[in-house]
Each structure stands twice: as structure tokens, then as C-alpha cells.
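These are my notebook entries on one structure.

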Amino acid sequence: MRIAVLTDIHANREAFEAVLADVAAHCVDRIALLGDIVGYGADPGWCCDKAAELVAEGAICVRGNHDNAASGASEAMSTLARKALDWTRDRLGDAQVDFLAGLPLVAEAEGVLFVHASANRPEEWSYVTSDTKATPSFRASAARLILCGHVHVPLLASCDMGGMVREQAFRTGLPIPLLPSRRWLAVVGSVGQPRDGVAQAGWALVDTGRQELTFRRTPYDAAGAARKVRAAGLPEELAVRLLVGR
């Protein structure tokens, strides 16, 4: 099965549409959304409706911390995130809020665990930013492959049969063989707000038959998305982030 993995869309319609068009060109069997459909961006309603449409068509979708907060839960957030969240809440209808609130924290399919943050206590939204930070996820799950988001920066780690976890180098666009002697964890990056210095939407393609993972980047109209952020009256920093990928 070929699975397109998208995460941290953050209400960026331009990025979401561009990635979905790219996904359609890669003949995938299923789409997985790893949360944070909303937050930061100017199109929360559209992105929420598109995610719900994809779920109705068979996509996997788990809940992120911004989704959780937008549906009424109390979440600790930065001042910038809180301003965007308050704006977002006023623009979501009841059906959209119910959709976000009803999303599971984790999902499994084809031997893959899908989660927004760490597989260890996913409700605590821990950031997986290194091999050390990835270790609790490997201990909490026996899945062959763990896929997560939340960090907005891609990362790959593996765990050998002795439990040793190591961060692995990779090149975007090149298939990575998921050797059967190890288990794997990938932080996919972000569709709608990348923070690794590349102002392109990030996602991943998993081929469970070939046992391969490919990190991908898709160009999109970041300037147009930034203009929408400014027109909505959201903080200027949120617009600048889109233009610089930070």
C-alpha cells in the first residue's frame, strides 16, 4: 500500500491544495493526516471541510493540539498560537468543531502507527526532535513504523533489536529503505508551516510493499497564503514564517 502522509496543515489552503495535487500524481492508495488541520493560517474552515471530505473517502486522520484547542479543550500555547487560535475559533461552525473533537489521538494501519506528537502519552503533545526524544515512542509502541508531526521539521530515527535508537540522515525526494532489522520513526514535517528553512510544503510517501519512505517537498503559493494571513488581521509573524520557512 502507498500512503501519503500529511501533517500540520495549519489552515493553509494553498499548501494543502498543492500537496493534494502532488499526491494525486503519485497514485497513492490512502491518505493519512497527522493533525493540526487548523491554527495559524487564514483558511481553517476550508481545511477542516477538506479533511472531513478525505476522511469520508477513507483517509486516516488523528487529532493535533491545535485541533484539540479549537474544539474547546484547554491547551498551553504560546502567545502567538493563542492569538491565532482565538481568531480560528470564531470562524469554525459547529460541524467543524465536532469533526475536530471527534478525531482519535492515534490510529494504526498496515503495521504503521499514526500520531500527531509522541506515541508515548500522545495527549501530552511532546516534541520528537532527536533520537533521545524518539526513544519513548519506540518503547510505547511495537509498530514497525511510527509516523508523527507536531515539530514542523522532518526527522528520521531507527531502533535496532537491542533497543538502541539513532537519528538517521536522509535526502528529500529519495526513497529510504526501511530495513527489516530495525523499527523506524519519522517526523514528517509540515504541509502548511514548515520550519526547516524551506518555504515549501512538506509531506511523506510510504510504500508498505517496498518498505520505503520518501520525504517530499511541494512548491506552493506561499506569497498568496501570506497575503491572506495579513488580510485576516492575524499576526505579521505568521505571514513572514510562510515566506521564509521558519
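Which residues does I31 touch, not counting residues up to four places away in sequence? I found A4, L6, L20, V23, L54, A59 and I60. Contact here means heavy atoms within 4.5 Å.

Before going on, I noted that this is a predicted model, in which local features need pLDDT of at least 70, side-chain atom pairs count only at pLDDT 80 or more, and totals for chains, interfaces and linings use all residues. Residues are numbered from 1 along each chain as its sequence is written, and side-chain values use heavy atoms, with hydrogens and water left out.

Entry: the cores.
I looked up the largest nonpolar core and found that it has 45 residues. A nonpolar core is a set of buried Ala, Val, Leu, Ile, Met, Phe, Trp, Tyr and Cys residues joined through side-chain atoms within 4.5 Å. Buried means under 20% relative accessible area, exposed over 50%, and partly exposed in between (1.4 Å probe, protein chains only). The residues with the most contacts inside this core are L6, I31, L33, I37, L100 and Y220. Helix α1 (residues 13-24) gives the most to this core, with six residues. Helices (H or I, at least four residues) and strands (E, at least two) are DSSP runs, numbered from the N terminus. Another core lies apart from the largest one; it has 22 residues, including A109, F114, L156 and A204.

Entry: strand β7.
Two strands pair if DSSP finds at least two bridges between them. β7 pairs with strand β10 (residues 183-187) in the antiparallel sense over five bridges, and L156 stands opposite A186 in β10. β7 also pairs with strand β8 (residues 165-167), again antiparallel, over three bridges. There C159 has V165 as its bridge partner. β7 and β8 form a hairpin with five residues between them, and G163 in the turn has a positive phi of about 90°.

Entry: strand β12.
Is strand β12 (residues 212-218) largely enclosed or open? I wrote down largely enclosed by the rest of the structure, because five of its seven residues are buried. Strand β11 (residues 201-207) runs antiparallel to β12, and seven bridges join them. One of the pairs is V206 with L213 in β12. The hairpin of β11 and β12 has four residues between the strands, and Q211 takes a positive phi near 55° there. Strand β9 (residues 176-177) is also antiparallel to β12, with two bridges; P177 stands opposite E212.

Entry: the cysteines.
How many disulfides does the rule give? I counted zero, taking a disulfide as a pair of cysteine sulfur atoms within 2.5 Å. For C48 the closest cysteine sulfur is in C61, 8.6 Å away, so it is too far for a bond. C48 is buried at a relative accessible area of 1%, and C61 is buried at 7%.

Entry: H66.
I found H66 in helix α3 (residues 65-70). H66 counts as buried because its relative accessibility is 6%. Leaving aside neighbours within four places in sequence, H66 is in contact with H10, D36, V38, G39, Y40, M77, A81 and L85.
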